[in-house]
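Me: I am new to this structure and would like to go through it in questions and answers. Please show it to me first.

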Amino acid sequence: MVTLHCCLPDQPQRSFRGIKAILFDKDGTLARSEDFLRALAYRRARLVDAQLPGVLEPLLMAFGLEEQGLNPAGLMAVASRRENVIAAAAYGAETGKDWFEALAIVEQAFTEADRGPQRKAQETPLFPPARSFLQTLIDQKVALGLISGDVTANLEDFLETYGLAAGFQGVWGADRSPAKPDPDCFRQACAELGVNPSEALMVGDATGDMAMARAAGAAGCIGVTWGWSRSVRVQQADIVLSQWDQWRVEPE
């Protein structure tokens with residue numbers, strides 16, 4: 001059990017006491033993912049457009065591709081793969097394709113686009129300051145979990161790639177049910193970690209992370225903005241951090 005202190009310039013310290021578990025989002029929170037997601041969005045959009053001409057620009061906009069970077073609140077950043085498929089298929093349906101035909105075309109295009117030269121974990125590195133922070137939590141016997149819109153296999157590969165698998169007791173990807181951002185996903189994750197939601201924190205870079213945990217009765221919701229090149233607005237957070245040195249762990 002620990003107390004997590006969060007300190008922002010010119011603001012009172014915010015402390016979360018009696019914490020037994022912390023659930024982390026992955027992309028944009030623990031992993032630097034923006035460049036990977038931008039490239040993947042372009043590949044997906046181009047391949048869909050090859051089969052459904054005319055949807056390239058609307059798709060890129062829907063995915064959140066902007067001149068100044070990737071929109072941290074756009075489809076690619078916060079939605080699951082399945083949600084991106086459905087959104088893309090809706091543009092296909094607007095071209096006159098039957099719904100199931102549009103779905104099949106988009107799914108095939110996404111599958112081809114997802115075959116990158118390297119595994120996703122290799123292209124989405126762990127933020128360097130994360131390792132020592134996570135190790136401190138592990139040393140203090142805090143239960144750790146990943147809860148993400150990515151699929152479980154990618155979450156497990158990420159932990160293995162960066163030597164963190166032994167320190168995390170659970171992963172909850174978009175292919176599990178209930179999935180993020182359903183509050184029951186957070187509740188079930190806490191149950192599997194052996195804690196009550198009131199003893200667990202959620203750390204993430206999206207409003208959906210915060211809303212999920214708050215509705216589930218979490219001890220606190222910590223937003224982070226260090227994962228993106230453009231400004232991130234994380235609503236419903238108890239506090240929003242921009243640097244890794246803005247929090248510290250104190251044993252109880």
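Me: What share of the contacts in the protein chain with a separation of 6 or more comes from residues 24 or more positions apart?
Reply: This is a predicted model, in which local features need pLDDT of at least 70, side-chain atom pairs count only at pLDDT 80 or more, and totals for chains, interfaces and linings use all residues. Residues are numbered from 1 along each chain as its sequence is written, and side-chain values use heavy atoms, with hydrogens and water left out. A contact means heavy atoms within 4.5 Å. Among contacts in the protein chain with a separation of 6 or more, the share from residues 24 or more positions apart is 63%.

Me: Why does the radius of gyration of the protein chain agree with that of a compact globule?
Reply: The radius of gyration is taken over C-alpha atoms, and the globule rule is 2.2 Å times the number of residues to the power 0.38. The C-alpha trace spans about 60 × 35 × 35 Å along its principal axes. For 252 residues a compact globule would have a radius near 18 Å, and the protein chain agrees with this because its own value is 19 Å.

Me: How many helices and strands does the protein chain have?
Reply: Helices (H or I, at least four residues) and strands (E, at least two) are DSSP runs, numbered from the N terminus. By this reading, the secondary structure comes to 10 helices and 11 strands.

Me: Which residues of helix 8 are buried?
Reply: Buried means under 20% relative accessible area, exposed over 50%, and partly exposed in between, with a 1.4 Å probe and protein chains only. Buried residues make up 51% of the 252 residues in the protein chain. In helix 8 (residues 152-161), the cover over the buried residues includes helix 6 (120-123), strand 6 (143-147) and strand 7 (170-172). The buried residues of helix 8 are Thr-152, Leu-155, Asp-157, Phe-158 and Leu-159.

Me: Is helix 4 parallel or oblique to helix 5?
Reply: Axes are lines fitted to C-alpha atoms, for helices over the stretch in contact, and angles run from 0 to 180 degrees between N-to-C directions. Angles under 35 degrees count as roughly parallel, over 145 as roughly antiparallel, 65 to 115 as roughly perpendicular and the rest as oblique. Helix 4 (residues 81-94) and helix 5 (residues 99-113) pack at about 130°, with their axes 8 Å apart. Helix 4 is therefore, relative to helix 5, oblique.

Me: Which residues of helix 9 and helix 10 make the contact?
Reply: The axes of helix 9 (residues 183-193) and helix 10 (residues 207-216) come within 7 Å and cross at roughly 65°, and the two helices are therefore roughly perpendicular to each other. The contact is made by Pro-183, Cys-185, Phe-186 and Arg-187 of helix 9 and by Met-212, Ala-213, Ala-215 and Ala-216 of helix 10.

Me: Which residue does a cis peptide bond join to Pro-181?
Reply: Most residues other than glycine have a negative phi, and most peptide bonds are trans. Pro-181 is found in the loop between strand 7 and helix 9. With omega about 10°, the cis bond joins Pro-181 to Lys-180.

Me: Is Asp-10 buried or exposed?
Reply: Asp-10 sits in the loop between strand 1 (2-6) and strand 2 (14-19), and it has a positive phi of about 60° although it is not a glycine. Because its relative accessibility is 84%, Asp-10 counts as exposed.
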